[in-house]
Amino acid sequence: MIPEFLPEGPALVIENKSRILIAADTHFGAETQLAKNGLHIKSSSEDRLKRLLMCIDKSGCDQLLLLGDVKHSIPLTSKQEYFEMPKIFKEIRKKIPFQILPGNHDAGIDRFLKEDELLPKDGCVIDGTGYLHGHTYPAKELLGRLIVTGHVHPVICLYDDVGCSLKSQPAYVLTKIDKDSFKMKNSSDVSGTRVLFVPAFFELAGGIDVRELKKSGMGPLSKGIDEDQAEVFLSDGTYINSLSSLMNDECNRTFR
């Protein structure tokens with residue numbers, strides 16, 4: 001099983017017995033919170049939805065999985081979300097069956113969903129692969145498999161020759177779990193567990209540089225990154241380098 005990357009998302013397709021389209025951290029309704037912080041911009045939910053529907057059409061998938069933080073406002077649901085979310089889900093249902101792995105921003109989202117569209121917050125296994133948002137410890141049945149997760153908004157910051165940071169780009173990080181760093185109650189066996197961190201679909205989400213993910217503390221899975229074996233990919237699937245090499249380059253740049 002080799003993931004297919006859709007840079008238009010960013011999103012990806014995982015195919016085993018069925019084809020599943022995965023997108024993470026859409027953050028519909030984020031403009032309301034931005035306005036509260038003094039940044040007043042027009043809602044981009046319609047454009048974001050069009051981009052998601054385009055990914056659905058292009059992928060030819062059987063199912064859509066949204067890896068949490070589908071909405072943005074917490075702990076309440078904003079007027080913008082009350083207005084937009086029913087329309088968004090209606091348009092998605094016209095195209096494809098979908099399910100949501102709820103994230104830390106998704107309190108109250110069940111009011112907009114059918115009963116079978118909301119999955120457990122600690123994840124589930126679908127077609128042999130584990131999925132969850134990533135703000136909680138994974139359910140035991142996800143261990144020993146590939147786990148696909150969102151939540152941390154990974155990006156890679158590229159630098160020029162003099163060490164100035166260029167524009168960051170969405171990135172995927174594929175890693176084995178470091179047994180010494182990942183501490184989960186009632187389960188010490190994480191052998192064979194790999195994690196694929198998925199970048200945010202929301203274009204203004206920002207993110208954490210892949211070099212900082214492990215020490216960021218953004219969820220238990222990020223703490224378990226094996227930096228010596230992790231690999232980094234751009235949103236179109238282009239292989240960049242091992243995480244350890246990127247971190248060594250950063251250290252060398254500091255002392256030029």
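A charge is said to sit over a ring if NZ of Lys or CZ of Arg is within 6 Å of the ring centre and within 35 degrees of the ring normal. By that rule the charged end of Arg-51 sits over the ring of Phe-201, 4.3 Å from its centre. The structure is a predicted model, in which local features need pLDDT of at least 70 and side-chain atom pairs count only at pLDDT 80 or more, while totals for chains, interfaces and linings use all residues. Residues are numbered from 1 along each chain as its sequence is written, and side-chain values use heavy atoms, with hydrogens and water left out.

Aromatic rings can also meet one another. A pair of aromatic rings is described by the distance of the centres and the angle of the planes. Rings of Phe, Tyr and Trp (its six-membered ring) pair if their centres lie within 6.5 Å, and planes under 30 degrees apart count as stacked, over 60 as edge-to-face and the rest as tilted. Searching the whole structure in this way gives 6 aromatic pairs. In one of them, the ring centres of Phe-5 and Tyr-172 are 4.8 Å apart and the planes stand at 70 degrees, so this pair is edge-to-face. Because Phe-5 lies in strand E1 (residues 4-6) and Tyr-172 in strand E10 (residues 169-176), the pair ties together parts that are 167 residues apart in sequence; helices (H or I, at least four residues) and strands (E, at least two) are DSSP runs, numbered from the N terminus. Phe-5 also forms an aromatic pair with Phe-233, and this one is stacked, with 6.4 Å from centre to centre and 20 degrees between the planes. Here too distant parts of the chain are linked, since Phe-233 belongs to strand E13 (residues 231-234), 228 residues from Phe-5. Ring pairs join Phe-5, Tyr-172, Phe-233 and Tyr-239 into a cluster.

Phe-5, at 22%, counts as partly exposed, whereas Tyr-172 is buried at 0% and Phe-233 is buried at 16%.

E1 and E2 run antiparallel and are joined by 3 bridges, forming a hairpin with 4 residues between them, and Phe-5 stands opposite Leu-12 in E2. Strand E2 (residues 11-15) is mostly covered, with 4 of its 5 residues buried. E2 is in turn joined by 4 bridges to strand E3 (residues 19-23), again antiparallel, and these two form a hairpin with 3 residues between them. In E3 the bridge partner of Leu-12 is Ile-22.

Elsewhere, Lys-223 has its place in helix H5 (residues 220-223) and, at 41% relative accessibility, counts as partly exposed. The C-alpha atoms of Lys-223 and Leu-213, which are 10 residues apart along the chain, are separated by 7.7 Å. Leaving aside residues up to four places away in sequence, Lys-223 touches Ser-181, Lys-214 and Gly-217, where contact means heavy atoms within 4.5 Å.

Terms used:
Buried < 20%, exposed > 50% of the residue type's maximum accessible area, 1.4 Å probe, protein only. Pairing = 2+ DSSP bridges.
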